[in-house]
There are 2 protein chains.
Amino acid sequence: MSTAPAADLDRYIEGNLNRSIEEMKRLCAVPSVAAQGRGLGECAELVAALLRERGFEARVMEVPSAPPAVYAERRGTSDRTLLFYNHYDVQPAEPLELWETPPFEPSEREGKLFARGVADDKGHIVCRLAALDAVLASYGDLPCNVKFLIEGGEEISSPGIPEFVSRHRDLLAADACIWESGGVDYDDRPDITLGMRGICYVELRVRTASRDAHSGFGGSIMPNAAWRLVWALNAIKGTDGRIRVPGHYDSVREPSAKDVELLEALPDQEQQIKETYGISEFLHGLTGLELRRAAVFEPTCTICGLSSGYEGDGPKTVLPAYAMAKVDFRLVPDQTPEGVVENLRRYLEREGFGDVEVTFLGGERPAKVDPDDPFVQMTIRTAREVYGQEPVVRPIVGGSGPMYPFVVDLGLPVSNTGIGYPHARAHAPNEHVRLSDFVLGTRHTARVISEFASTRSAR
Amino acid sequence: MSTAPAADLDRYIEGNLNRSIEEMKRLCAVPSVAAQGRGLGECAELVAALLRERGFEARVMEVPSAPPAVYAERRGTSDRTLLFYNHYDVQPAEPLELWETPPFEPSEREGKLFARGVADDKGHIVCRLAALDAVLASYGDLPCNVKFLIEGGEEISSPGIPEFVSRHRDLLAADACIWESGGVDYDDRPDITLGMRGICYVELRVRTASRDAHSGFGGSIMPNAAWRLVWALNAIKGTDGRIRVPGHYDSVREPSAKDVELLEALPDQEQQIKETYGISEFLHGLTGLELRRAAVFEPTCTICGLSSGYEGDGPKTVLPAYAMAKVDFRLVPDQTPEGVVENLRRYLEREGFGDVEVTFLGGERPAKVDPDDPFVQMTIRTAREVYGQEPVVRPIVGGSGPMYPFVVDLGLPVSNTGIGYPHARAHAPNEHVRLSDFVLGTRHTARVISEFASTRSAR
């Protein structure tokens with residue numbers, strides 16, 4: 001079986017755009033909000049039905065302590081297997097009053113489709129379906145085996161997914177994986193992401209007394225929870241930005257020469273970011289390659305929240321008995337959330353902060369793909385052909401996701417195709433996709449499916 | 001004119017207790033809440049009327065940026081003048097649902113009178129009136145000139161009072177001052193307070209960007225307001241409790257030998273305090289004299305509140321653009337709030353925390369009276385006689401109040417008499433006084449008025 005002419009695929013996708021729009025509308029009309037436990041079973045069943053319409057064997061499977069996932073597979077004409085990872089759950093739609101049209105009543109206007117979840121990630125599910133339709137119409141069959149894992153808890157940090165993937169290694173066995181999303185950057189260049197940082201989110205809590213005291217009474221003789229918290233935080237990271245927890249950097253892998261080369265090739269967005277956030281310079285005066293490298297290859301420790309005592313207007317003379325901080329560590333390969341928490345607990349104890357309780361609120365491991373992998377290279381090449389622009393290839397991004405078990409447990413090269421753009425307002429009111437991006441992303445996806453069977457990885 | 005027999009005064013006070021209770025009820029029925037701007041003019045007029053009934057010339061006077069104050073005077077048979085400082089404003093009554101009877105409907109039960117403000121400070125105003133009644137009934141006249149300054153903003157830190165006192169030095173000229181309140185301690189020993197720490201209350205605010213960022217994006221390249229605040233606070237005070245602002249301790253006066261002697265004579269309440277606050281030990285393991293000394297003679301720096309970023313349940317991956325801390329410095333003689341703020345601003349700037357904005361929310365100077373002053377000694381001796389117990393004499397207390405202008409601008413020895421006890425629940429629901437304490441405090445006050453004319457200060 002030979003590769004289908006690209007023109008056939010493209011023509012089919014354009015010609016069937018209305019069906020895709022209808023399918024995005026059907027999916028987005030189901031308010032499958034994981035954080036609110038709404039519409040999840042219904043949406044999983046709808047996803048499974050859409051896959052079955054394409055001849056897939058699809059089933060809704062339980063995930064431990066999480067919404068169900070949809071697993072589906074269809075055999076193709078080669079022994080090669082491509083796995084798609086997506087999610088059918090969406091962010092809460094609130095604040096509702098900021099939506100121009102209701103979030104779960106999809107609305108098409110100005111060449112765009114507006115709905116909660118259309119960019120993140122339901123439009124991507126339909127993009128995969130439309131690409132499969134084009135391939136099936138052009139070949140009469142699939143040139144490779146195709147599998148789907150479409151989970152329902154991505155927006156609540158994918159609880160249970162690492163365990164699920166690890167438990168179902170045989171079921172999910174594949175040769176490569178296409179990640180949930182992608183699209184174009186500010187300059188309409190296709191964006192390929194080859195890794196994600198990990199995360200370790202903790203809450204630090206200090207209770208120093210059974211009740212608050214009058215600050216005039218206790219100031220020099222009573223323990224103060226807010227001071228304890230401040231000092232504990234200061235012990236964790238100082239003004240130089242270096243995380244002081246012993247062992248924190250031990251398992252950090254330096255970026256490779258190839259990673260650095262990719263960072264150097266990234267477009268310069270410094271001015272754009274400064275304007276967006278109203279800042280005059282980056283931390284420690286970072287700029288150029290050093291900035292790009294720090295942004296994604298440095299472990300971070302971010303205070304996400306602080307709370308203690310009196311937070312209202314004016315003065316109140318209280319000595320707080322309780323204080324709390326939310327702290328988010330972003331991890332780079334090969335750090336692990338478990339290791340970070342363990343080192344942190346041991347360090348605080350040793351530094352005399354045994355009164356600071358460390359509660360683990362969630363974690364994900366960092367993951368990174370080899371940029372030279374032939375599958376990755378094929379996705380980059382096909383992106384270049386479809387978009388007519390040099391792709392932006394990111395060796396890793398600053399955010400986190402459940403990529404680790406796919407890369408390590410399943411041993412897959414992971415790349416992406418997608419329909420997003422920087423103003424899609426994912427997670428915000430008036431989320432949307434541009435239909436032109438949908439067409440391009442679907443053409444790219446169809447090309448990847450077509451060419452995959454003949455692309456061998458080095459492994 | 002000779003001193004009236006103590007027995008006459010006591011008999012009169014006991015015999016007229018019902019009138020005093022009625023007057024406390026009248027005063028407490030007016031909800032004169034300074035923080036809420038309620039009932040202040042009405043209450044000032046009622047206080048003036050009660051004084052006029054005793055032959056005082058009384059007027060309601062404006063105080064800059066504050067509720068009006070009541071000034072009153074009545075001449076006596078000597079040239080000596082005794083000034084009473086009190087306040088007619090009260091704390092807010094909220095939370096209302098915790099009151100057994102409505103806060104502004106005074107209720108007498110179990111030998112107690114319950115109402116917002118009855119202990120702090122309206123019962124003390126009536127105590128002074130009842131003592132004057134007893135003295136007038138026994139002598140037919142006052143043995144000294146008596147003046148009152150009864151302000152309406154004590155519960156909101158007495159704004160304008162230092163300026164008012166300084167401006168009206170001639171009007172308020174006197175030879176000694178009885179402070180607003182007093183009473184007995186846990187063991188029913190009369191409590192005499194000879195000084196108050198000062199206070200300097202500031203808010204530290206940091207804004208690092210025009211909007212919050214995603215923590216996955218900004219962690220290693222964007223400034224974080226919460227971290228900036230933590231580091232600035234840590235620069236102000238470390239785990240050793242020492243305030244690191246240069247010059248902060250320069251004007252601190254060591255306690256005198258007499259002060260130390262008074263501290264040594266204080267009752268041991270360590271166990272009681274530990275139980276109240278559920279703590280196993282005091283800061284830095286302080287105990288005994290060192291604890292008592294630190295509690296009142298050390299400058300403090302207390303974080304009263306912290307706020308930044310996400311403070312709700314669970315994780316949210318945000319990098320905060322804004323952070324705020326409330327910080328209360330307690331001052332000892334001869335520190336000043338102005339000096340503390342100036343040193344703090346200069347220090348933060350010099351240490352690289354120019355991004356931390358210091359907003360001054362209010363201050364009061366520390367004040368201390370000579371424990372050997374004959375007036376002070378007379379109040380202690382008469383307390384011993386009335387209560388039949390050795391008084392607890394505190395050279396200074398940890399809290400703050402507007403005592404400085406009375407001690408320094410007017411040059412007065414200040415002591416106190418009062419009707420409170422440790423469980424009076426001042427500032428809390430179900431505030432009350434014990435009528436037995438009212439009688440004792442009034443007897444003490446009458447004795448002080450009687451003996452004052454023949455007590456000369458060393459000045």
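This is a predicted model: local features need pLDDT of at least 70, side-chain atom pairs count only at pLDDT 80 or more; totals for chains, interfaces and linings use all residues.

The surface used by the two copies is the same, since 100% of the contact residues of chain A recur in chain B.

The strands concerned are β13(A) and β13 of chain B, residues 300-309, which run antiparallel and are joined by five bridges.

The contact between the chains can now be described as a whole. It involves 59 residues of chain A and 59 residues of chain B. Several elements of chain A each supply at least two residues to the side that touches chain B. Among them are the helices α7 (215-218), α8 (225-236) and α11 (288-297), together with strands including β15 (322-331) and β16 (356-364). The greatest contribution to this side of chain A is that of β13(A), with nine residues. Sorted by class, the side of chain A that touches chain B contains 29 nonpolar, 22 polar and eight charged residues.

Attention now turns to the organisation within a chain. Chain A is divided into domain 1, formed by 6-196 and 368-452, and domain 2, formed by 198-252 and 299-364. The C-alpha centres of domain 1 of chain A and domain 2 of chain A are 38 Å apart. Where these domains meet, domain 1 of chain A provides seven residues and domain 2 of chain A provides six residues. On the side of domain 1 of chain A that touches domain 2, two residues are nonpolar, four are polar and one is charged.

In soluble globular proteins, nonpolar side chains tend to be buried together. Here the largest nonpolar core has 273 residues, and those with the most contacts inside it are A:Leu229, B:Val47 and B:Leu229. Apart from residues up to four places away in sequence, B:Val47 touches B:Val70, B:Tyr88, B:Ile125 and B:Ile150.

Two further residues of chain B illustrate how burial is assigned. B:Ala131 is found in helix α4 of chain B, residues 118-139. Because 28 other C-beta atoms lie within 10 Å, B:Ala131 is buried. Its contacts, leaving aside neighbours within four places in sequence, are B:Thr442, B:Thr445, B:Ala446 and B:Ile449. From B:Ala131 to B:His284 the separation is 153 residues in sequence and 45 Å in space, C-alpha to C-alpha.

B:Tyr421, by comparison, is found in the loop between β19 (414-416) and β20 (432-434) of chain B. B:Tyr421 has 19 other C-beta atoms within 10 Å and is therefore partly exposed; a residue counts as buried at 20 or more. With neighbours within four places in sequence set aside, B:Tyr421 is in contact with B:Gly183, B:Val184, B:Arg434 and B:Asp437. B:Tyr421 and B:Arg59 are 362 residues apart in sequence, and their C-alpha atoms are 31 Å apart in space.

How values were computed: Residues are numbered from 1 along each chain as its sequence is written. Chains are lettered from A and ligands numbered from 1 in the order in which they are written. Domain bounds come from an automatic or database domain assignment. Ala, Val, Leu, Ile, Met, Phe, Trp, Tyr, Cys and Pro count as nonpolar, Asp, Glu, Lys and Arg as charged, and the others, Gly among them, as polar. A nonpolar core is a set of buried Ala, Val, Leu, Ile, Met, Phe, Trp, Tyr and Cys residues joined through C-beta atoms within 7 Å. A residue is buried if 20 or more other C-beta atoms lie within 10 Å of its own, exposed if 12 or fewer, and partly exposed in between; C-beta atoms are placed from the backbone. Helices (H or I, at least four residues) and strands (E, at least two) are DSSP runs, numbered from the N terminus. Two strands pair if DSSP finds at least two bridges between them.
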